[in-house]
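Subject: Structure handover

Hello,

Here is the structure I promised to pass on. Please open it alongside this note. My findings follow below.

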Amino acid sequence: MKKALKYALLGLLALLVVAQLFRIDKTNPPADPAQDMMTLLSPPAAVSTILKDACYDCHSNLTKYPWYTNVAPVSWWIKDHIDEGRGHLNYSEWGTYSPKKAAHKMEECVEMTEEGEMPMDSYTWAHPEARLTAEQRSTLVDWFKATHTQLVAIRDAAAPEAAPEAAPANEEGNENHEGEDKN
Ligand code: HEC
């Protein structure tokens, strides 16, 4: 019995050692400051500090990787969060978002922060600086809300009511002649 336990533990140890060979890719995708939300929407310093401390590791291309991101399997799990976080919302690529998408993402920011869903609990556990006080949370939410209002105005100015009758939108679509595919 004792022998079995010993072998099981040795097996687990061997697995952990082998797991270390599978390192995560920590190369951040290029981050163009000109496309960053901070540049484009210039939040007040109090807000940008919170964003940097609590959100940018997963929602930007400026991720910082602490030492434990070298340790598998924790590293795989963290990498997953970063990839998924960026996929949903990437502040480094804010400038590439359409007015409609920007307004929608900002609405999500209000909701996720107000409801306490973000930053993720597993993150604040290891990042005390990302644990938002009630005051920090409302500072962030207030800014998200005010910005959302502005972005909705910009969206609506860009596409007035997106009226279905707005026929001219078809012109471009017609350029895609079916015949062209036959060549
Ligand atoms: C540890 C990584 C991590 C941190 C830190 C983090 N997020 Fe997220 N975020 C995610 C992941 C993963 C998702 C997608 C899964 C989900 O919705 O839970 C997500 C989803 C979101 C979404 C939904 C976007 C959409 O359109 O679906 C918003 C908005 C968001 N996060 C905002 C924030 C804000 C604001 C902060 C900082 C206060 C923050 N997040 C901090 C990982 C993170």
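I start with S42. S42 sits in the loop between α2 (37–41) and α3. Its phi is positive, near 25 degrees, and S42 is not a glycine.

Two notes on the model itself. It is a predicted model: local features need pLDDT of at least 70, side-chain atom pairs count only at pLDDT 80 or more, and totals for chains, interfaces and linings use all residues. Residues are numbered from 1 along each chain as its sequence is written.

Backbone

One joins A72 and P73, with omega about 5 degrees. P73 is in the loop between α3 and α4. Another joins M118 and P119, with omega about -5 degrees. P119 is in the loop between α5 and α6 (121–126). For context, most residues other than glycine have a negative phi, and most peptide bonds are trans.

Overall fold

The protein chain has eight helices and zero strands. Helices (H or I, at least four residues) and strands (E, at least two) are DSSP runs, numbered from the N terminus. Buried residues make up 18% of the 183 residues in the chain. A contact here means two C-beta atoms, placed from the backbone, within 7 Å.

Nonpolar core

The largest nonpolar core has 22 residues. The residues with the most contacts inside it are I50, L51, A54, C55, A102, M106 and F144. Two or more residues of this core come from each of α3 (45–54), α4, α5 and α7 (134–158). By definition, such a core is a set of buried Ala, Val, Leu, Ile, Met, Phe, Trp, Tyr and Cys residues joined through C-beta atoms within 7 Å. M106 touches F144, T147, H148 and L151, leaving out residues up to four places away in sequence.

Helix packing

How do α3 and α7 pack? Their axes are 10 Å apart and the angle is about 105 degrees. The two helices are therefore roughly perpendicular to each other. Axes are lines fitted to C-alpha atoms, for helices over the stretch in contact, and angles run from 0 to 180 degrees between N-to-C directions. Angles under 35 degrees count as roughly parallel, over 145 as roughly antiparallel, 65 to 115 as roughly perpendicular and the rest as oblique. At the contact, A46, V47 and I50 of α3 meet Q136, T139, L140 and W143 of α7. By class, that gives five nonpolar, two polar and no charged residues. The classes: Ala, Val, Leu, Ile, Met, Phe, Trp, Tyr, Cys and Pro are nonpolar, Asp, Glu, Lys and Arg are charged, and the others, Gly among them, are polar.

D142 is also in α7. D142 is exposed, because 12 other C-beta atoms lie within 10 Å. D142 and V110 are 32 residues apart in sequence, yet 8.2 Å apart C-alpha to C-alpha.

Ligand

Which residues come nearest to the ligand? They are C55, C58, G85, E108 and M118, out of 19 around it. A residue counts as near if its C-beta atom, placed from the backbone, lies within 6 Å. α4 (74–88) and α5 (99–114) each supply at least two residues of this shell. α5 gives the most, with five. The shell divides into ten nonpolar, five polar and four charged residues.

The loop between α3 and α4

S60 is found in this loop. S60 counts as buried because 25 C-beta neighbours lie inside 10 Å. Beyond four places in sequence, S60 is in contact with A31, N90, Y91 and S92. N61 lies in the loop between α3 and α4 too. N61 is partly exposed, with 19 other C-beta atoms within 10 Å. N61 touches N28, P29, P30, A31, N90 and S92, not counting residues up to four places away. N61 and N28 are 33 residues apart in sequence and 5.5 Å apart in space, C-alpha to C-alpha.

Best wishes

Technical notes. A residue is buried if 20 or more other C-beta atoms lie within 10 Å of its own, exposed if 12 or fewer, and partly exposed in between; C-beta atoms are placed from the backbone.
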